Every structure is written in C-alpha cells, then in structure tokens.
Amino acid sequence: MKSHKKVIFSFSLIIIMIILFVVLTFTLFKLKSIKFEFHNQTTLYAEDTMQAQMIKDAKFPSFASVLFLKKSEPKNILEKLNPYLKIHNIETVFPDSLVIHASEREETFSVLGLNSTYFICDTDFKVLRKQTNQSYVSMQDNPILLTGVIPINFDAEEGDFLRFEKNLALIKSISPSLLLNNRNVSQQKAIYSKIEVAVLASQNYVLKLYNFDNFLTIIEKPLNNLASKLQIAFACYPQIPVEKIKTHHLEIFETNSGVIDNRLTENKI
C-alpha cells in the first residue's frame, strides 16, 4: 500500500511540474518585447516607427515563448524586406524579450548584370539596389566597379545575395583585406575606382586595382596573403615618382622562396 501511494505521489508531482512549466512558458516567458540594437550609425533605420514596422513585418509569433521561438524565419524576412539591414544575431533576454543586433550595410561594389543593369552590393554581395546605366562611372563616394566576375543569378532582386560560379573566396576577401589595412569602406571607395579579377595566359588569377588617377596595381596570387600584399602596395604608393604614375604600374608578387616583393614596371603601349 505504501508503495502504491508513493507511485501516486510521484506521478502527481510530475504532473504538477509539467503544468507549472507550461504555465510559466506561456506567462513568464511569453514574448513581450522586441527591440533593435544597431552596431553602427544608421540613417535608414533610426526612426522608432520604422523599427516598429519592421518588427511587425517580420511576423514574430504573438503568443510564442522565448524558450522555443524559432528566430531564423523572422531573421530571413527582415533581411529580405530591408536590403540594407544586416542582422548579426537575435538575442534572447530572459524572461520575455528579444534584442535584434544589427547594422546598416554599406554600398561597396558595383557588379554588371544583364542589359546594362548593375547590382549595387555590400561586402557580402547582398544586392542593396539595382541601377541601370549604359556605362557605370565610378566616383570617390560611390561603389567600386568590380569586373571580371559574372553572377550566375542574373534575376537577383534587392535583398538577394549574388552567387558566383568562380572566385567567390577571392572577391569576398577584397574588402576585409583592405579593412585589415585600416581602410574602411568609405576609404576603399575613395582610393579605387575599379577592381578587376583577371586571368593570365598561365591560367593564374591576378587582381588589378585601379586608383582614381588610373594608376594600376597588379597583385599576383591574390588568394595568398592578400592583406599583406595590399600592405606592401600602400607602403609603395607614396614612394612612386609623380612622373611615373601615368607610365608605370606596380606589381606585387611572390618570389620562388615565398617572400612578397614588388616592382615598378613600365606600361606596354
């Protein structure tokens, strides 16, 4: 008899704990508050009313518990509907809140698509907007023209990410390598008008960087130590004689022993 009572007591205790857990899940842990926290200065998403509308559009479940909330779908909706928005993560703050850690994406590259349409992208090659021109003119405050790469999703719309058949690792390393040399996106755009991914006769890739004075820097084997090679290029620029800016170009290469070196070479006419 005592054993029977013990079983009933244990079973009742389990039932009570389950009920208590369910009640707490949908009361104490019920989602009540969602807010944005931007990690850089934002002009597009600064208004509280704008942020409130974005949260509404993301369709977070109204009666969900933060314990079991799936964040991936609202995150994808937010990123798609707001091309310039980059979400780093959605943090759960107990007992009942979410904080969306985000930043505003910066226009960095311009990539040619079909019918003179240029995809204006950030460093992740997310399409921020599309621009139609017969020719793209680089200026020091607009995106760098990136050539020699062909996206395979020509139908990409704002909020989509460009996909490339080749050289994805290379092109995604360009801006971060410049950032490692203390050149933020604004400074990168002010230095280079065009960056080209080119193939030599040997089938090896090189990176061609054109300054706004049309001075060319050629980086061989750009997938190897690109940040270090750019560091050498930046160290060389101030030492190039003015009279050679129009007649020569800078080559950054690796010696047979793997040492990064440079040479100033006369342009071929």
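Start by selecting helix α4 (168-180), which gives the most to the lining of the largest pocket, with 3 residues. Helices here are DSSP runs of H or I with at least four residues, strands are runs of E with at least two, and both are numbered from the N terminus. The model is predicted: local features need pLDDT of at least 70, side-chain atom pairs count only at pLDDT 80 or more, and totals for chains, interfaces and linings use all residues. Residues are numbered from 1 along each chain as its sequence is written, and side-chain values use heavy atoms, with hydrogens and water left out.

Stay with the largest pocket, which holds about 300 Å³ of space. Select Lys86, Glu104, Glu106, Thr123 and Val185, the closest to its centre of the 18 lining residues. A pocket is an open set of points on a 1 Å grid over the protein atoms alone, where a 1.4 Å probe fits, with protein on both sides within 12 Å along at least five of seven lines; lining residues have an atom within 4 Å of a point. The volume is the space filled by probe spheres set on the points, which are joined across faces, edges and corners.

Next, select helix α3 (residues 72-81) and show Pro74, Leu78 and Glu79, its buried residues (buried is under 20% relative accessible area, exposed over 50%, partly exposed in between, with a 1.4 Å probe and protein chains only). Viewed down the axis of α3, they fall within an arc of 130° and so line one face of the helix; the arc is that of the directions from the helix axis to the C-beta atoms. Glu73 and Leu81 are exposed on the other side of α3.

Glu79 is in helix α3 and Lys126 in the loop between β5 (117-121) and β6 (127-132), 47 residues apart. Lys126 is buried, with a relative accessible area of 0%.

Now move to Arg263. Its closest N and O atoms with Glu251 are 2.5 Å apart, in a salt bridge that links strands β12 and β11. Arg263 also meets Glu220 in a salt bridge (3.7 Å, N to O). Arg263 is partly exposed at 35%, whereas Glu251 is buried at 13%.

Finish at the second largest pocket, with about 260 Å³ of space. Closest to its centre, of 16 lining residues, are Leu216, His248, His249, Asn267 and Lys268. Strand β11 supplies the largest share of this lining, 3 residues.

How values were computed
A salt bridge is a side-chain nitrogen of Lys or Arg within 4 Å of a carboxyl oxygen of Asp or Glu.
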